[in-house]
Amino acid sequence: MTPSLNRLDREPKRLIMIGGKGGVGKTTCASAIAVHFALQGKKTLIISSDPTPSLSDIFEMEIGDRETPIRDLANLWGIEISSEVVLKKWKERFGPEIYEVVSSFASLDYDFVDYIGGAPGIEEEYMLNYILELVENGQYELVVWDTAPAGHTLRLLHLPQIFLRHLEAATKFYMNLYSYFEKLKESVKFKKGKKSLLEIISGWEGLAEKVVNFIRDPEKTEFIVVTIPEALGVKQTERILKDFDEYQLKVTHLIVNYVIQEADCEFHKVRREMQQGYIGILKNQYSHHIQLIEVGLSACEIKGVERIKKVANILFATHHP
Ligand SMILES: Nc1ncnc2c1ncn2[C@@H]1O[C@H](COP(=O)(O)OP(=O)(O)O)[C@@H](O)[C@H]1O
Ligand SMILES: [Mg+2]
């Protein structure tokens with residue numbers, strides 16, 4: 001049987017994350033996967049969090065940081081989300097709460113909220129949280145997430161540690177501040193009915209845990225790695241899969257893009273031979289537990305729904321007319 005993603009037709013997921021280094025065809029493959037499910041009648045959202053998003057280019061229409069219906073596809077919406085927007089949302093949601101608590105016992109200006117918002121891990125944490133909200137609010141049956149290049153995705157996996165370490169430091173800082181004021185003025189107390197800072201922080205901790213549990217649940221989340229048949233691709237795939245393994249995240253499909261299928265000149269013959277060597281290495285290393293799906297190199301860029309459908313046909317070994 002031709003390797004394909006069609007197991008995902010039989011075992012539907014709520015979130016499909018596409019990872020890999022920049023330029024290997026992540027956004028193209030994520031779009032093809034999203035189009036495939038939308039054509040099957042599933043309400044699907046494709047999110048790109050790549051700092052150089054290209055959903056707008058691929059679908060040939062303006063897609064911004066709001067959920068936008070994709071032209072000609074009844075069940076597909078797209079959104080390009082930048083970390084600035086995510087951080088802004090984070091501040092809108094938590095800023096007033098933090099400020100209120102902190103300013104009730106210390107005179108601080110609002111910059112303090114920026115200080116906390118600028119903490120390492122918070123941006124990624126909130127990105128994940130934001131995406132999980134989109135997954136869970138029931139509006140979409142499936143969310144396909146075109147992630148930022150590999151380094152970022154891996155950082156997401158380290159996130160709970162980074163995030164919680166920061167929180168610990170922040171909490172200690174606040175508690176010192178708080179006890180200082182306590183000693184100074186016995187009367188300084190949080191106003192009744194208001195959340196304490198520790199409660200807020202443990203709420204965040206809860207969020208982080210919830211997110212990590214969701215992406216670790218193989219019934220809900222699928223990770224797909226995209227790579228290229230070159231030395232660098234093989235090396236990076238090795239690193240990504242090793243990291244995923246360490247975090248108990250299972251990858252069951254690897255897309256190998258830009259494969260030269262018919263070589264009709266010396267240049268392409270040599271290149272094809274080189275690629276086949278690396279495909280052999282990838283197969284040797286992974287094919288016993290990962291399906292390797294090859295996508296051929298097209299003469300043209302993959303733009304517009306018709307071309308994306310062709311990639312979907314290859315990925316799912318199916319035929320969308
Ligand atoms: N199989 C392919 N054949 C030809 N061009 C491709 C193929 N896959 C992707 N491309 C093109 O390569 C470029 C980069 O692809 P993209 O999906 O944006 O990569 P990434 O998201 O990994 O940075 C785009 O112009 C896209 O149209
Ligand atoms: Mg991209």
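Start with what helix α10 touches: its buried residues pack against β6 (221-227), α9 (231-246), β7 (251-259) and β8 (291-296). Buried here means under 20% relative accessible area, exposed means over 50%, and partly exposed is in between, with a 1.4 Å probe and protein chains only. Contact means heavy atoms within 4.5 Å. Helices (H or I, at least four residues) and strands (E, at least two) are DSSP runs, numbered from the N terminus.

Before going on, the conventions. This is a predicted model, in which local features need pLDDT of at least 70 and side-chain atom pairs count only at pLDDT 80 or more, while totals for chains, interfaces and linings use all residues. Residues are numbered from 1 along each chain as its sequence is written, chains are lettered from A and ligands numbered from 1 in the order in which they are written, and side-chain values use heavy atoms, with hydrogens and water left out.

Back to the helix. α10 covers residues 266-286, 21 residues in all, and reaches 30 Å from its first C-alpha to its last, close to the 30 Å expected at 1.5 Å a residue. That expected span is 1.5 Å times one less than the number of residues.

Which residues of α10 are buried? They are Gln275, Ile279, Leu282 and Tyr286. Looking down the axis of α10, these buried residues fall within an arc of 55°, so they line one face of the helix. The arc is that of the directions from the helix axis to the C-beta atoms. An α-helix has 3.6 residues a turn, so residues three or four places apart point the same way. On the other side of α10, the exposed residues are Glu266, Val270, Glu273 and Asn284.

Now the strands. β7 is mostly covered, with eight of its nine residues buried. β6 and β7 pair in the parallel sense over five bridges, and Val226 stands opposite Ile255 in β7. Two strands pair if DSSP finds at least two bridges between them. β7 and β8 also run parallel, joined by five bridges, with Val259 opposite Gly296 in β8. The chain crosses from β7 through α10 to β8, and this β-α-β crossover is right-handed. Right-handed means that, with the strands pointing away from the viewer, the path from the first strand over the helix to the second runs clockwise. β6, α9 and β7 make a right-handed β-α-β unit as well.

One residue in β7 deserves a look. Tyr258, in strand β7, has a positive phi of about 65° although it is not a glycine. Most residues other than glycine have a negative phi. Tyr258 is partly exposed, with a relative accessible area of 32%.

What is the strand order in the sheet? Eight strands form an open sheet in the order β3-β4-β2-β5-β1-β6-β7-β8, with mixed pairing. β3 (68-69) and β8 stand at the edges with a single partner strand each, so one side of each has no neighbour in the sheet.

Pro69 has Trp77 in β4 as its bridge partner. The loop between β3 and β4 holds Asp72, which has a positive phi of about 70° although it is not a glycine. Asp72 counts as exposed at 70% relative accessibility.

Last, the whole chain. The protein chain has 11 helices and eight strands, and 50% of its 321 residues count as buried.
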